Amino acid sequence: MAAHAAAQQRDSAAPHGTREQPESQGPPEQQDQAGNQVQAGHHDETEQQDRTEHRDTRDRLIDAISAHGPISARALAEMFGLTSAAVRRHLSALEADGVIEEHDVPVHQRGRGRPSKSFVLSASAHEDLGSEYDDLAMLALDELARRGGGEALTHLACARVAPWEEDLSARVGELEEAGEEVSRARRVEILADILTERGYAATVRPVTVTIPASGGSGRPRTVETAQLVQGHCPIQDVAARHPELCEAETTAIGRMAGAPVQRLATLAGGAHACTTHIPLTEGNTPR
């Protein structure tokens with residue numbers, strides 16, 4: 001009786017027409033796009049599954065276009081058992097991302113009526129799929145070393161960096177013609193720009209070096225230097241096997257900077273970046 005009376009008292013204390021709701025024992029509910037009540041956890045799992053299926057379909061379409069292109073949306077739909085509308089949505093997204101492009105059908109191959117669109121992979125997509133350029137370059141250098149020896153490799157390595165020097169000389173010449181006095185520090189900055197344009201992700205980091213006075217007397221000397229840091233190396237794997245490439249690069253950097261430089265580390269040698277020490281004031285590179 002006491003328990004029954006307590007329950008009646010709680011019901012009478014609630015506003016008219018309402019009752020206390022039991023505590024929720026599960027995740028909150030929310031509506032999906034169709035207006036149905038679904039649990040939040042289940043909704044997240046469904047979204048994740050949809051994204052996975054979307055990526056899988058996208059990857060399968062890319063593989064099919066690579067193997068069978070030029071190919072139409074209708075042919076792709078038949079191949080995968082999808083609707084033409086669904087395939088066209090995927091193709092529109094791939095085309096917007098620059099993965100595929102429309103293929104122009106030669107006039108003599110077109111039938112009557114409006115020709116259907118056909119698609120092929122874009123040039124950038126072919127690059128993303130990988131290539132054997134590195135393997136071919138390695139094979140070529142190995143064969144060059146076998147037939148011509150170290151001298152032939154050194155000649156090739158120097159020829160590779162010669163355009164850098166030509167580019168720097170042209171840019172410095174333009175600045176000097178405009179009346180600018182190009183300092184060594186400015187030359188190094190221009191060199192970093194040239195290397196970055198060629199894929200080396202180069203930066204210049206100023207460093208101040210204090211040189212103790214000789215013989216323990218007098219004042220120490222301060223030298224302004226810089227570190228040319230290359231965060232990426234497009235030929236890293238090849239250079240790891242043929243260090244002549246790095247050696248020619250270092251020598252060229254010294255000529256372009258107009259200073260005796262010192263290579264501190266290389267990506268090919270296992271470091272996180274290629275680092276070259278360059279003195280910006282006159283004198284030898286501090287050791």
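Start by selecting Arg198, which is partly exposed with a relative accessible area of 36%. On this scale, buried means under 20% relative accessible area, exposed means over 50%, and partly exposed is in between (1.4 Å probe, protein chains only). You are looking at a predicted model, in which local features need pLDDT of at least 70 and side-chain atom pairs count only at pLDDT 80 or more, while totals for chains, interfaces and linings use all residues. Residues are numbered from 1 along each chain as its sequence is written, and side-chain values use heavy atoms, with hydrogens and water left out.

Arg198 sits in the loop between α7 and β6 (202-211); helices (H or I, at least four residues) and strands (E, at least two) are DSSP runs, numbered from the N terminus. Most residues other than glycine have a negative phi. Ala201 counts as partly exposed, at 41% relative accessibility.

**Into helix α7.** Select Arg184, which belongs to helix α7 (residues 184-197). Is Arg184 buried or exposed? Arg184 is buried, with a relative accessible area of 15%. A polar atom of the Arg184 side chain lies 3.5 Å from the backbone oxygen of Ala257.

**Salt bridges.** Side chains of opposite charge can pair when their charged atoms come close. The structure holds twelve salt bridges, each being a side-chain nitrogen of Lys or Arg within 4 Å of a carboxyl oxygen of Asp or Glu.

- Asp97 and Arg58 meet at 3.2 Å, N to O. Asp97 lies in the loop between α4 (84-96) and β4 (100-103) and Arg58 in helix α2 (residues 40-68), so the pair ties together parts that are 39 residues apart in sequence. Both partners are partly exposed, Asp97 at 49% and Arg58 at 21%.
- Glu249 and Arg160 meet at 2.9 Å, N to O. This pair links distant parts of the chain, with Glu249 in helix α9 (residues 244-257) and Arg160 in helix α6, 89 residues apart. Glu249 is buried at 4% relative accessibility, whereas Arg160 is partly exposed at 24%.
- Arg146 and Glu143 meet at 2.6 Å, N to O. Both lie in helix α6, three residues apart, about one turn of the helix. Arg146 is exposed, at 59%, while Glu143 is partly exposed, at 28%.

**A charged patch.** Which residues gather in a patch of negative charge on the surface? Select Glu132, Asp134, Asp135 and Asp237 to show it. Patches are made of residues with over 30% relative accessible area and no salt bridge, with like charges joined within 9 Å and nonpolar side chains (Val, Leu, Ile, Met, Phe, Trp, Tyr) within 5 Å. Zoom in on Asp135, which lies in helix α6 (residues 133-177) and is exposed, with a relative accessible area of 57%.

**Last stop.** Go to the peptide bond from Gly69 to Pro70, which is cis, with omega near 0°. Most peptide bonds are trans. Pro70 sits in the loop between α2 and β3 (71-72).

Methods:
Areas by Shrake-Rupley, 256 points an atom, 1.4 Å probe, with all protein chains shown as cover. Lys, Arg positive; Asp, Glu negative; His and termini not counted. Charge placed at Lys NZ, Arg CZ, Asp CG, Glu CD. Polar contact = N/O pair within 3.5 Å; in protein donor to acceptor, adjacent residues only side chain to side chain.
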